[in-house]
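User: I would like to learn how to read the features of a structural model, one at a time. Please give the general idea for each, then the case at hand.

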Amino acid sequence: MKKILICLLLLLAAMAGGCAADSSKTTAAAPAAAAQASQTAPDFSFAYLDGTKASLTQLRGKPVFLNFWATWCPPCVGEMPHFNAVYPRYKDKINFLAVSLDDNMQEAAAFIQQQGYSFPVGYGNVNDLAGKYDIQGIPTSLLLDADGKIIASKIGAMTETELEAFLQKAL
Amino acid sequence: MVKRKLVQFLTALLYNGNLPGFWQGRLWQGSSKSVCLPGLNCYSCPGALGACPVGALQSSLSGVFLRVPFYVIGTLLLFGLLLGRLICGWACPFGLVQELLYKLPTPKLQRTAFTARLARFKYLIAIVFVLLLPIVYYLLTGTGVPAFCKFLCPAGTLEAALPLAAVNAKLRGSLGVLFSWKLLLLLVILTASVGIYRPFCRFLCPLGALYGLFNRISLFGVKVDAAKCIHCDACMRTCLMDCRQAGDRECIACGECRSVCPTDAISLGKKF
Amino acid sequence: MRIVIFLAALLTLACGILQQQQLGVLRKASTICLECIGIG
């Protein structure tokens, strides 16, 4: 038992040392700090599910509703019917982009196709996105103005009413 | 014999070694999080350095694609085979919390035949909340639900919800009815822990239920030498869990019985 | 019995690692499970 204790102590020391040295894994890095309200949303490139490449800055000129989701996240998937219901009414005024953080694009695409959702869905470099936007939990929704500045953000799923109220902040 | 409390404290610290996470209100995202920790330790705890096996199992049954979670199952089989419920007694932070509360000097509810029967309830919780509800929900709606984590797990409320909400205003603002329910459940369990020894472990924990199934064959744990045993029952009079025999499914290898056995028939350590 | 379970454990672990399920665990464990902390 003493040997186990010594091993545990060594492991503990190694862990603590590792965490202290590698604090970049938890500290909000400088680019991530940009993903706060009233900052410009960090640009990123992505592909729509049909393969067309694009970048966030290409959506400027109109406000953007940016949502981060994944197929393995029940609340994310749960609020999508609301996106789909609301999208036709707002698409001329606000650009929608739901960015998947799945491990591969095929799963996101298969799900969206299966559900027949009409709003735009994108897929990019998951690690890059998670870092740039400092995504702590999903779903995370951001509302950007026409110049790409973050005017509102929300962690957690929204009801249709909450979604409409959220979108109204840009109009 | 190394002090069990010390090992419990060390493992709690080891599991949640990302101390900066607590005041930053963010999670550790290093690769160690791909490894499941043996005890019940919410991976949304800002300090958590590893994944919770129940949480990992739940989230694999909660997506829009149902897959057999081989990796988590393999990990659980290995933990069970190696240590069984020794994990509960020596390496589970939530177990430690309950034990510390039990130390408060109040009248205690003794174990009875009723509590022994109630101990079976955790198997129902495991089957219904960990396995059935996610799958049934998936079949009905196309997406699963991490039912145990979402509706029950007090470790998640204590280790994740409360520390994160304390520091993160945005999260705090999004808390709703679900949080109120889980907070109530946590308070009930913590209050009960003062007068009842490890109530969550004995009656509710699905992980303990699973590990208990391995207790008889685990490589490390409590063993009774039948040749030395004189059936005096001193061990069972001391046992605070709901064991019928030292080393059975309810045994968390705390070792209390070992110290009262008059013939040294009970051993704690390797069983091979 | 122990050997059977040990082999089963290794086999299932191997299956999981071959399917890169550990990366899935890492991804999910690195993101706050909002449902788990009481945000629906």
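User: Which residues does Ile37(C) touch, not counting residues up to four places away in sequence?

Analyst: A word on conventions comes before the contacts. This is a predicted model, in which local features need pLDDT of at least 70 and side-chain atom pairs count only at pLDDT 80 or more, while totals for chains, interfaces and linings use all residues. Residues are numbered from 1 along each chain as its sequence is written, and chains are lettered from A and ligands numbered from 1 in the order in which they are written. Two residues are in contact if their C-beta atoms, placed from the backbone, lie within 7 Å. With residues up to four places away in sequence left out, Ile37(C) touches Ser44(B), Gly156(B), Ala160(B), Ala161(B), Leu164(B) and Ile32(C).

User: How should I read a nonpolar core, and which residues touch the most other members of the largest one?

Analyst: A nonpolar core is a set of buried Ala, Val, Leu, Ile, Met, Phe, Trp, Tyr and Cys residues joined through C-beta atoms within 7 Å. A residue is buried if 20 or more other C-beta atoms lie within 10 Å of its own, exposed if 12 or fewer, and partly exposed in between, with C-beta atoms placed from the backbone. The largest core has 96 residues, of which Cys42(B), Ile87(B) and Ile37(C) touch the most other members. H4(B) provides the largest share of this core, 8 residues; helices (H or I, at least four residues) and strands (E, at least two) are DSSP runs, numbered from the N terminus. Because domain 1 (4-212) and domain 2 (224-270) of chain B both give residues to this core, it lies between them. Another core, of 42 residues, lies apart from it and includes Leu56(A), Tyr123(A), Leu163(A) and Leu167(A).

User: How many residues do chain B and chain C bring to their contact?

Analyst: The size of an interface is often given as the accessible area lost when the parts come together, but here residues are counted instead. Chain B brings 38 residues and chain C 28 residues. The elements of chain B that each supply at least two residues include helix H4 (70-83) and helix H12 (177-195), and H4(B) makes the largest share, 9 residues. The side of chain B that touches chain C has 24 nonpolar, 11 polar and 3 charged residues.

User: How do I read the span of a helix, and where does the kink in H8(B) lie?

Analyst: The expected span is 1.5 Å times one less than the number of residues. Helix H8 (residues 121-141) of chain B has 21 residues and reaches 28 Å from its first C-alpha to its last, close to the 30 Å expected. A kink of about 45° lies at Leu132(B), shortly before the proline Pro134(B), the bend at a residue being the angle between axes fitted to the seven residues ending there and the seven starting there. Buried residues of H8(B) include Phe129(B), Val130(B) and Leu133(B), and the helix is followed by Gly142(B), whose phi is positive, near 90°.

User: Why is helix H6 of chain B described as largely enclosed?

Analyst: Helix H6 (residues 93-102) of chain B is largely enclosed by the rest of the structure because 8 of its 10 residues are buried. The buried residues of H6(B) pack against helix H1 (4-15), H5, H10, H12 and H13 of chain B.

User: Which backbone details deserve a look in the loops?

Analyst: Asp264(B) has a positive phi near 55° although it is not a glycine, and it counts as exposed because it has 9 C-beta neighbours inside 10 Å. A cis peptide bond, with omega about 5°, joins Ile138(A) and Pro139(A), and Pro139(A) lies in the loop between helix H5 (126-132) and strand E6 (140-144) of chain A.

Technical notes. Nonpolar A, V, L, I, M, F, W, Y, C, P; charged D, E, K, R; others polar. Domains from an automatic or database assignment.
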